[in-house]
Amino acid sequence: MRKRGSNGGAEVFRITGARTGLAEDVRGRQRRYIISMGIRTLAVILTAVLWNVERHVAIVTLVVGAFLPYVAVVIANAGRENVPSLPSTFVPAPTRPMIAPTPAGGAAESVPEDRG
């Protein structure tokens, strides 16, 4: 989630893994439910109109009208789950660099040990 750019090594966080807002999510679920119930209402009306004209089509619309409320509720209640394909929003703590060892060629000053 962290990205180092050419802006002097400053950390830039991206939020592409953030979920949609709660109000937007509820609005979308309500819209799907209303559309499903509208289709169900049309199916029930078609069942009444077509019962004496085309019985096979009327039975199909009756079955659709009977099972659509269950499907609409399941679809409307689905949501707000974490999508596994989105990146994680967890940002690990930065690691501190280790101190490099001194060269072995004697370039470092030697400190006398205190014997006493």
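Guide: Angles between helices are taken between their N-to-C directions and run from 0 to 180 degrees, with axes fitted to C-alpha atoms over the stretch in contact. The model discussed here is predicted.

Visitor: Which pattern of helices and strands does the protein follow along the sequence?

Guide: The protein has two helices and two strands.

Visitor: At what angle do helix 1 and helix 2 pack?

Guide: Helix 1 covers residues 22–50 and helix 2 covers residues 55–77. Their axes lie 8 Å apart. The packing angle between helix 1 and helix 2 is about 165 degrees.

Visitor: Are helix 1 and helix 2 roughly parallel or roughly antiparallel to each other?

Guide: The angle between the two helices is about 165 degrees. Angles over 145 degrees count as roughly antiparallel. Helix 1 and helix 2 are therefore roughly antiparallel.

Visitor: How many residues of the contact of helix 1 with helix 2 are nonpolar?

Guide: Helix 1 passes helix 2 in a left-handed crossing. The residues of this contact include five polar and four charged ones. The nonpolar residues of the contact number 17.

Visitor: Is S36 buried or exposed?

Guide: S36 belongs to helix 1. Its relative accessible area is 12%. Buried means under 20%, so S36 is buried.

Visitor: Which residues is S36 in contact with, leaving aside its neighbours within four places in sequence?

Guide: S36 sits in helix 1, and the range of helix 2 is residues 55–77. With those neighbours left aside, S36 is in contact with L68 and A72.

Visitor: How far apart in space are V71 and S36, C-alpha to C-alpha?

Guide: V71 is part of helix 2 and is partly exposed, with a relative accessible area of 36%. In sequence, V71 and S36 are 35 residues apart. In space, C-alpha to C-alpha, V71 and S36 are separated by 8.4 Å.

Visitor: What is the relative accessible area of A58?

Guide: A58 has its place in helix 2. A58 is buried, and buried means under 20%. The relative accessible area of A58 is 0%.

Visitor: Which residues is A58 in contact with, leaving aside its neighbours within four places in sequence?

Guide: A58 and A48 are ten residues apart in sequence and 7.4 Å apart in space, C-alpha to C-alpha. Apart from neighbours within four places in sequence, A58 is in contact with T47, L50 and W51.

Visitor: Is A66 buried or exposed?

Guide: A66 is in helix 2, with 22 residues in sequence and 8.5 Å in space, C-alpha to C-alpha, between A66 and V44. The relative accessible area of A66 is 53%. Exposed means over 50%, so A66 is exposed.

Visitor: What percentage of the residues of the protein count as buried?

Guide: The protein exposes about 10000 Å², and carbon and sulfur atoms supply 63% of that area. Of its 116 residues, the share that count as buried is 14%.

Visitor: Among contacts between residues at least 6 apart in sequence, what percentage join residues at least 24 apart?

Guide: A contact here means heavy atoms within 4.5 Å. Among contacts between residues at least 6 apart in sequence, the share joining residues at least 24 apart is 64%.

Note on methods:
Residues numbered from 1 in each chain as written. Predicted model: local features only at pLDDT ≥ 70, side-chain atom pairs only at ≥ 80, totals over all residues. Heavy atoms only, no water. Helix = DSSP H or I, 4+ residues; strand = E, 2+ residues; numbered from the N terminus. Parallel < 35°, antiparallel > 145°, perpendicular 65-115°, else oblique. Left-handed = near helix turned anticlockwise from the far one by under 90°. Nonpolar A, V, L, I, M, F, W, Y, C, P; charged D, E, K, R; others polar. Buried < 20%, exposed > 50% of the residue type's maximum accessible area, 1.4 Å probe, protein only. Areas by Shrake-Rupley, 256 points an atom, 1.4 Å probe, with all protein chains shown as cover.
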